[in-house]
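Reader: Before we discuss any part of this model, I would like each label to be set against the rule behind it.
Author: Then let us take the labels one at a time, with the structure in view.

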Amino acid sequence: MPSQGEFQVARSARPQKNRLLHRILQADPGQEYLLYTPSSAGAEPPLVVSVHGVSRNAHEHARLLSAYSEMYGTILVVPFFSEEQHRDYQRLGRIGQGKRADLALNMILADVAQVSGWAAEQFYLFGFSGGAQFAHRYAMAHPHRVASAVFAAAGWYTMPSPNRRFPYGTRPSKKLPGLIFDAEEFLCVPMTVLVGVDDTGSSGLRRGERLDREQGTNRVERAHSFVAAMKESAGAHHLESLVNCIEIPNCDHSFRRSILRGGLGDKVFEILFGAPLVNSAAIEG
């Protein structure tokens, strides 16, 4: 796992309030995650999973979002998908490209439940950039586990098209055996897509003639294309659309700047939980 910087990480076996716990799964010693327990955690606190981008900045997610965990009294779980084990984690981990990242997250949540006693069957999901790619595909593949989700700054999306094979659409892929996408299930998960108004660059963005034509040439266009397709699919299934897109001023493609200067963390937790339980907390870089 990348350097923790100045953040203090506990390595004890059980969660301690107001501390960040570094866990390694017994069933898979190569799978790590970070667990933050707020000082106000009750008997059954809401659980938030935050998924890092391709820079693998798991500690940055834990450090910057733990203040919101304190404000809202939520448990924070940050999985670490290493380059060695999960080089395809954004697309859930297809055969030949590393381990299944969606199944790894399920194992992490089982570990959280075992070590803490908290219910972890259903949770709130957030991802940024490559983490948003993983998060929206996880929510579409495992909708019964996601209470509500926020995806920020994804480079591209799996569209709710049964005619396009995964990862471009929801037609099953032999590279993800056993995984079936049920539109009438994943369209019932409340989802919000966030994108920075200034996130219009092409650095790190997957490009291709068909992808550009179908989804757009930058992250802002692609966010709106995904939401429009999800709304259209909900209409086709006679369901109310629960998917929205919000552009955030003063945000580009930096997770750190979006949190510290653009209010991304405030927006994410307000969408998931409404007004915070307490009104003041220092969100420091």
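Author: A cavity here is a set of grid points where a 1.4 Å probe fits but cannot get out, and a residue lines it when one of its atoms is within 4 Å of a point. The model is a predicted one, and by this rule F128, A152, A153, L194, V195, G196, D199, I248, C251, D252, S258 and L264 line the largest cavity.

Reader: How many cavities of 30 Å³ or more does the rule give, and what volume has the largest cavity?
Author: The count comes to one cavity of 30 Å³ or more, and the volume of the largest cavity is about 60 Å³.

Reader: Which strand gives the largest share of that lining, and how do its residues divide by class?
Author: Strand β8 (residues 191-196) gives the largest share, three residues, while the lining as a whole has eight nonpolar, two polar and two charged residues.

Reader: What makes the other space a pocket?
Author: A pocket is an open set of points, whereas from a cavity the probe cannot get out; the largest pocket holds about 360 Å³ of space, and among its 24 lining residues V54, S129, G130, G204 and H253 lie nearest its centre. Helices α3 and α7 (255-260) each supply at least two residues of this lining.

Reader: Why is α3 called mostly covered?
Author: Buried means under 20% relative accessible area, and 12 of the 12 residues of α3 are buried, including G130, F134 and R137.

Reader: How do you know that the span of helix α3 agrees with its length?
Author: At 1.5 Å a residue, the 12 residues of helix α3 (residues 130-141) should span 16 Å, and the end C-alpha atoms are 17 Å apart, which agrees.

How values were computed:
Residues are numbered from 1 along each chain as its sequence is written. This is a predicted model: local features need pLDDT of at least 70, side-chain atom pairs count only at pLDDT 80 or more; totals for chains, interfaces and linings use all residues. Side-chain values use heavy atoms; hydrogens and water are left out. Helices (H or I, at least four residues) and strands (E, at least two) are DSSP runs, numbered from the N terminus. The expected span of a helix is 1.5 Å times one less than its number of residues. Buried means under 20% relative accessible area, exposed over 50%, partly exposed in between (1.4 Å probe, protein chains only). On a 1 Å grid over the protein atoms alone, a cavity is a set of points where a 1.4 Å probe fits but cannot get out, and a pocket is an open set with protein on both sides within 12 Å along at least five of seven lines; lining residues have an atom within 4 Å of a point. Grid points are joined across faces, edges and corners, and a volume is the space filled by probe spheres set on the points. Ala, Val, Leu, Ile, Met, Phe, Trp, Tyr, Cys and Pro count as nonpolar, Asp, Glu, Lys and Arg as charged, and the others, Gly among them, as polar.
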